[in-house]
Every structure is written in C-alpha cells, then in structure tokens.
Amino acid sequence: MAVGGCFCGKVRIQYSGQPLVSALCHCFDCRKLTGGLYTYNFIIKNVDLKITAGSPKEVAKTADSGNHIKNYFCSDCGTPLYGLTMKSDGTPDETTVLRAGILDDIGILNALPPKVEIYTGGRVSWVSPAEEAGQFTGMPPPP
Ligand SMILES: [Zn+2]
Ligand SMILES: [Zn+2]
C-alpha cells in the first residue's frame, strides 16, 4: 500500500497494487500544472486508488493531444494530485495518472524509476534522459 497527500495535509490518498507504467512527462501542460519542469506519474487502475481524506478540486481542460482531461488538486493548498483522461462518451478512462511526488515514502520512488519519458521535445536542454526509459516525442503506444 502506497500513501501520500498534498502540501497542507488535507487531502490524503492511497493505492494498492503496482503501477502499470511510470512516466516522466515533459509536456507544456505539465509545467503549468505543477510549476515544475516535468511531472513524474504512476499510471494506476482507478479501482486501486482511494481518497482517504479531503475532497480534491476538479479542473477540466482539453489537452494539446485533443484529449479531454480532468486534473485534481487540493482545494486549499493547490497541490496537483492526479488526472483522468475522459473517453468520448464522457466517462473516465480506467486508469488514473497519479502525480508520484505526492507519495510520502521516497523508497517507493527510488524503487520505481521511469519506464518511459513522453513529450520529450519539451524537455529542457540541461535535463538528461532517464537511463533505460523509453523515449517518446508524444504519447507512447498503449501498454
Ligand atoms: Zn492541501
Ligand atoms: Zn504532461
């Protein structure tokens, strides 16, 4: 069981099982979303994620890819928590994009280096590709 939460502590989350994919994303939206230069994400099944405290605020947007996405933040401190991709029928995809940095235990992050890096054209010039991570200029093919 992995546990985490936002900066102010009002929102707490946990997930069970193992991430399907771990991905660094260098896209423009991820910079704006976090104020960082990229995001580090664990793709997990929706059914494996539980919000154990607080109620994240939803922000909907159409991504550059054309996908309709919903991102969730702590409504008090603004920490980005996770995102969902919406299917054309308006229901969420079966997986959640969890912002891995919200996890409490750095051991989990050490144990799960990125499998892929996506939107690599947006990587700043002085950040090196992660060792052994597949490199993709857009979204990778589905796992
Ligand atoms: Zn918070
Ligand atoms: Zn991104």
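User: In this predicted model, which residue of S4 stands opposite Val 21?

Analyst: Strands of a sheet pair through backbone hydrogen bonds, either parallel or antiparallel. Here S3 and S4 run antiparallel and are joined by five bridges. Across this pairing, the residue of S4 that stands opposite Val 21 is Ile 43.

User: In what sense do S4 and S9 pair?

Analyst: Phe 42 stands opposite Leu 98 in S9. The two strands, S4 and S9, are joined over five bridges, and the sense of their pairing is antiparallel.

User: Which are the edge strands of the open sheet of eight strands?

Analyst: The order of the sheet is S6-S7-S8-S9-S4-S3-S10-S11, with mixed pairing. An edge strand pairs on one side only. The edge strands are therefore S6 (57-62) and S11.

User: How many of the seven residues of S4 are buried?

Analyst: A residue counts as buried if 20 or more other C-beta atoms lie within 10 Å of its own. S4 is mostly covered, and the number of its residues that are buried is five.

User: How many residues does the largest nonpolar core have?

Analyst: In soluble globular proteins, nonpolar side chains tend to be buried together. In this model, Cys 25, Leu 81 and Leu 98 have the most contacts inside the largest core. Leu 81 touches residues including Val 11, Ile 13, Tyr 72 and Phe 73. The number of residues in this core is 27.

User: Is Tyr 119 buried or exposed?

Analyst: Tyr 119 is found in the loop between S10 and S11, and its phi is near 50 degrees, a positive value in a residue other than glycine. Most residues other than glycine have a negative phi. Because Tyr 119 has 21 other C-beta atoms within 10 Å, it is buried.

User: Is Glu 132 buried or exposed?

Analyst: Glu 132 is also found in the loop between S10 and S11, and it has a positive phi of about 70 degrees although it is not a glycine. The limit for an exposed residue is 12 or fewer C-beta neighbours. Because Glu 132 has 8 such neighbours inside 10 Å, it counts as exposed.

User: What feature does UniProt place at residues 2-120?

Analyst: Over residues 2-120 the chain is 11% helix and 46% strand. The feature comes from an unreviewed UniProt entry, which names it "domain: CENP-V/GFA".

Notes
Residues are numbered from 1 along each chain as its sequence is written. Chains are lettered from A and ligands numbered from 1 in the order in which they are written. This is a predicted model: local features need pLDDT of at least 70, side-chain atom pairs count only at pLDDT 80 or more; totals for chains, interfaces and linings use all residues. A nonpolar core is a set of buried Ala, Val, Leu, Ile, Met, Phe, Trp, Tyr and Cys residues joined through C-beta atoms within 7 Å. Two residues are in contact if their C-beta atoms, placed from the backbone, lie within 7 Å. UniProt positions are given in the numbering used here, feature names are shortened, and annotations may be inferred rather than shown by experiment. Helices (H or I, at least four residues) and strands (E, at least two) are DSSP runs, numbered from the N terminus. Lists of a residue's contacts leave out its neighbours within four places in sequence.
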